[in-house]
Each structure stands twice: as C-alpha cells, then as structure tokens.
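Hi everyone, thanks for coming. Let me put the structure up, and then we'll walk through it together.

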Protein chains: 2
Amino acid sequence: MTLRNPSTKVTILDVARLAGVSKSTASKALNNQNYVSEATRQRVLDAAQKLNFSPNKVAQSLKQKRSYAIGLITDDLEGLFTTSMLHGVDEAIISHNFNVILCNSFGDAAREKARLEMLLARQIDGVILLGYKVRERGLPALVLGDVPVVYLYQYTVLPGVPSVIPDDFGGAIMGTQHLLELGRRRIAFVNGPPHYEVTHLRREGYRHALETAGKPYDPNLVFTSRKWHQNFGYDAGKQLRELAELPDAVFCASDSLAIGVMDALHESGHRVPDDIAVVGFDNRPYSAHQRRPLTTVALPLKAMGVLAGELLIDAIMNETHESVVHRVPCYLVRRESSGT
Amino acid sequence: MTLRNPSTKVTILDVARLAGVSKSTASKALNNQNYVSEATRQRVLDAAQKLNFSPNKVAQSLKQKRSYAIGLITDDLEGLFTTSMLHGVDEAIISHNFNVILCNSFGDAAREKARLEMLLARQIDGVILLGYKVRERGLPALVLGDVPVVYLYQYTVLPGVPSVIPDDFGGAIMGTQHLLELGRRRIAFVNGPPHYEVTHLRREGYRHALETAGKPYDPNLVFTSRKWHQNFGYDAGKQLRELAELPDAVFCASDSLAIGVMDALHESGHRVPDDIAVVGFDNRPYSAHQRRPLTTVALPLKAMGVLAGELLIDAIMNETHESVVHRVPCYLVRRESSGT
DNA sequence: TTGAAAGCGTTACCAT
DNA sequence: ATGGTAACGCTTTCAA
C-alpha cells in the first residue's frame, strides 16, 4: 500500500529568505514578539503574505507540546441530542483557534479507552466526554493523566472534573409556571419511569411550582409510566381522560410521553389545547411536527455545548480544574399545544 | 494567559534504553520492519509494553508528512441529516486508524475557506465536504492543492473529485413499487417545488415505476407544492381529497409533505392506510412519531458516509482520483401509513 | 543486524 | 535588534 506524496509547502525558511532575514527573526516577527524592528517585521509580513505562508501546525504542536485540538468522545453519534451539543462545543472552541476531533465510543468502555489513547497520542489538549447513555462514572479519568476533562450531558463528581447538564428541576418549574400563567388550574403530571434522577427532578420541579403558586400537589393528578416510550404516554392519557373531572392541563416529563397523551386525548374527542393544554419536555425534533405542535421545555443543548467548550478551554489555559456540576437553564418553546 | 505544562510522556528513547538498544533499532522493531533480530524485537516490544509506550503521533506526522486525520466540513452541523453521515464517515475511517476533525462552515464561503486553510495547516490528509445547502460547486478545490476531496450529499463534476449522493430516482421507484405491490391501483404523487433536481428525479422515478408496471402516468394525479413545508403538503392533501374519485395511495416527495397530506386526509375523515396509503421520502426523525407512523423511502445517510470515507481513504492511499458521482441506493422503511 | 546522524518545520535560548 | 543553534519525538538513510 503506497502512500501519496504530499505537496511541497512553503516554510518559514522560504519566508525568511525572501525577506532577507534569518529563520529565527522571521519567526519572531510572525509571532508578534518584541525585539524585532518595525522595518524587518514589515518585510517578513510582506514576504509571508506574498508566499501565502501558513505555519505548519504539526511542527508547532511538536515544539510547543500543545496541539490546539480537543477530543470529543460521544456515546451515540447518531443521537438526536448529540449534534446540537457538538455544534455548541465547536462554536466555543473555534473562537480560540482550537479544533475538535470526533470519536464515537458506542457507549462501549473498551472502545472508549482505545479512542482516548488515540487522542492522547495525538497530543490533544483536552477531552469532552459527551455521554448520552449512563456511564460508569470516573472510569476514563484513570487513563487521562493531566489532560483536562469535561463531562457533558452526564456528570461526575470526580475531583477536578466539571460537568455540564441541563437544569431539569428549573425546567420543570418553567413548564408548570407556563401553564399556570395561562390560567390553567388543575395541572396533571405524567412522569417517566421512577428511579431515574431526571424523573425525580422533574416531578419535584412540578411540585415546587405548584406549591410556590399556592396550589396543592395532588397525587391523584400524577401518573407514572413504566417507560419513556410514546405508547406508555398513550396509556397514561387513557387514565387521565377517565378521571371524574378532566384536568385543564397536563405537563409531561418528556415529549414522547406528551405525544402519547395527545393521542389518547384526541381519540376521545378532547381538544388540545382548548379542553386541555399539553406541555412536554426535551424539545425533540419531532415535537414541532405533530398535528398539534407541542409546547415543550427545551434542553439547552447548544448552550451546554458552548459552556463545556469554554470550561475546557479555560482548564487548558489556566489550569483551573473545578469539580462543579453546572446546570444550564432550560428554555420554553411555545407552540400550539398550550394555546397562545 | 499562561499555558499548562503538558505531562511527561514516555518516548521511544526510554523504550530503547530499557531494552538496551539504540533509538533507531527500537523504532524498527516497533514498526515491524525487517533487519532486526527476533530476540531484540522481543526485548523492545517488552520494554514498550512495560512503559506503556505509545508513539507521539504529532512527531510521526511531522516526519511522515501524513497526519492520519481528515477534515470534515459541514454546512449545517445542527442539521438532522448531518449526524448520520458523520457517523458513517467516522466508522469507515476509524478502521484505517484515521480520525476526523470537524468543522462547521454554516454554508458561508469565507468561513469555509478559513476552515479549509486551518485544516490544511494541520496537515490533514483529505477532506470531505458535506453540503446540505446548495453550494457553489468547485470553489473549494482551488485552495486544496493535492489534498484529495470527496463531496458528500452534494455533488460536483470537478475533475478528480468523487461525490456521494442518494439515488433519488431509484428511491422513488422503490416507493412507488411498494404501493403497487400492496395492490394499490391509483397512486397519486405530491411533489415538491419544481426546478429542483430532486423533485425532477423523484417524479421521474414515480413515472418510471408506473410505466414499468404498465400503468399510465396520469398528470391529474400529480400535485406540485410550492415549498417543501408541511403546510403545503396540507394544501395538496386538500386538493387530493376533492378529486372525484379518491386515489387509493399517495406517494409524496418528502416526509414533510406526506405529513401535511395525512393531516388533510385525517381532517376529512379518510383513514390512512385503509382508505388511502401514504408513503413519504427522506425518513426524517419525526416520521416515526406521527399518529400514523409514516412509511418512507429512507435516504441511505450512514451508507453514504461510509462510502465517502472509504473513497477518501482510497484516494489518500492510492492516489486514485476518480470524478464519479456515486448514487447510493435508498431503502424502504415500512410503517403503518402504508398498511402491513 | 545494529547504530549514528540527519531531518521533518517550528520555536526558544543565547550569543552577537 | 538579529541570527546561529539546539530541541521537540520520530523515521530513515547510510555506514559499520
């Protein structure tokens, strides 16, 4: 297997020659260092311009022991959430002239370790571990030496490792308050499976918003589905519509559940949002494309990506490792299912 | 702004010392070269193992003028299509020990050029231009010198640059045939805006499938919407349901249109798929989450990514630049909207 | 079969 | 203010 011959590139030596100075002087001029006269700096800059010189980053990396690249390892590259976070990370990072090297671990620990080692061999300056699935927390740090790490979408309490996750509690408050502000009085809650941290947080947000508004938390209005899937939302919707008195709103712990609920409601002739307003959680891509586009509490995915990127850059530049769990505020996306 | 001190890494010199050989011998042993005795090779391998040595890829790149990294520039990182293709590219590439460096151009030519130059400075071995939006074709190649390029999701006829796109014509045949095989006889077609190449191809596929089956192409059953948006599908659906005789199937040039059509049909009490079967095109993430999950002709996004990755690796390794437009076959995703 | 030395393109130290 | 030289970690002649 033969490899292609790479192109001949213009080096700093060429620039120096054209400018009539030494290699080291050219380097200083190009890097805006002091101790080089304005005149020569101009000549070097002109020469560089003329030759269309751009420094070889590989050589720079070797010398500076800094690659200006970070690795991003994701659980689930096809996941619908991943891409927005990726976008945020890239945006935050590119403005510092860093690039992101992408790796997919498929949630497999062995593969994750292999990718991590590859990234380390590439001398990356930092790593973002973007975890969609739940992960054995703390594992990866072992291999990382002193390369800073940020957890994204999942969190860890490892010392020196910051995490960026959505503020589920606050988001649930926001969704509930939205319904309250719309004048809805009896607000049901359809939760996901118990024993997840999110379901706990979202239910507590719902409860908190109600109580803050001086309304009682009524367990009869709270439904728990066994799984997140739409079909289980449908089941919850059936229970809901058989209540003696139909609530005038329902807040669901996920969009998938909300869509199932809307299905059940539609089936029995109840109108959304006139008879009952529906609000979901997550802002899944399909939520806008329902017959009744779904109002939902959106996960701040891009903002999370941006924050993770910034935290990482900060850790790289300033050696600041703070083991904080950052909860980024959700935001509300108003659509038809909750009225106007 | 101070930079962190990188960790002390184990180099090949350490390995050589531990094995009691010279640096160059160690290198040869590690790279499975000939002219090194089995005994020393073993000692070197053991030493490397013991020290957990992994070669510094940056130094390797500098020496070999080959980075084992490719750049992927996308128009639209948040796009729902992008992520599957990314996944495919990564999968194809990782098996050759390449990595992908991700860049977002937002469809902006200036930014694209800047990213390209950054990638080139990083000595990447190849580039994939993943274009969701239409692009001024041929532009980027100018700056690329002899670094191989593959276009993905968009195409170019530049010499030496292969392109990978979906086979829209074949996909439309597939969708139409599916309805035919289901025994549907009068199949309407809802097309997107004219003057797009895809709309032409998809309509021709529909026509071809009909004619191959010995059915006439009936212009009265063909509707053209002004835009791709769901609302325009809804309008088409309204026209459709007012035909003297309702067709027993409708094939839509996109999922968004199909969803609009289903809306209109639902409104007038027509049942999908019993009264009329509906098939879409694209396999958008929301299509599975409709009240009546949508049967659709799926774009082979991941396969396209894989192919693009393989073509690029091939071009890098073998200097084979073929300016072919590869049309990857679509596949059918059967859901409820077309019956069972 | 082994090892010394040169070189990849850059930056940084230390002379001048 | 400028330039020679070494060094980053690796691979690759070339000579022994």
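Which atom of DNA strand D is 2.4 Å from an N or O atom in the side chain of A:Lys28? A base oxygen. Before going on: this is a predicted model, where local features need pLDDT of at least 70 and side-chain atom pairs pLDDT 80 or more, while totals for chains, interfaces and linings use all residues. Residues are numbered from 1 along each chain as written, chains are lettered from A and ligands numbered from 1 in written order, and side-chain values use heavy atoms, without hydrogens or water.

Back to the DNA. On chain B, a polar side-chain atom of Lys23 lies 2.8 Å from a base nitrogen, while a side-chain N or O atom of B:Gln60 is 2.8 Å from a phosphate oxygen.

Now to a helix. With helices taken as DSSP runs of H or I, at least four residues, α11 of chain A covers residues 301–318 and reaches 25 Å from first C-alpha to last, close to the 26 Å expected at 1.5 Å a residue, counting one less than its number of residues. Its buried residues (under 20% relative accessible area, 1.4 Å probe, protein chains only) include A:Leu301, A:Met304 and A:Ile316. Just after this helix, A:Glu319 takes a positive phi of about 55°.

How values were computed. A polar contact is a pair of N or O atoms within 3.5 Å; within protein, one must be able to donate a hydrogen and the other to accept it, and residues adjacent in sequence count only if both atoms are side-chain atoms. Helices (H or I, at least four residues) and strands (E, at least two) are DSSP runs, numbered from the N terminus. Buried means under 20% relative accessible area, exposed over 50%, partly exposed in between (1.4 Å probe, protein chains only).
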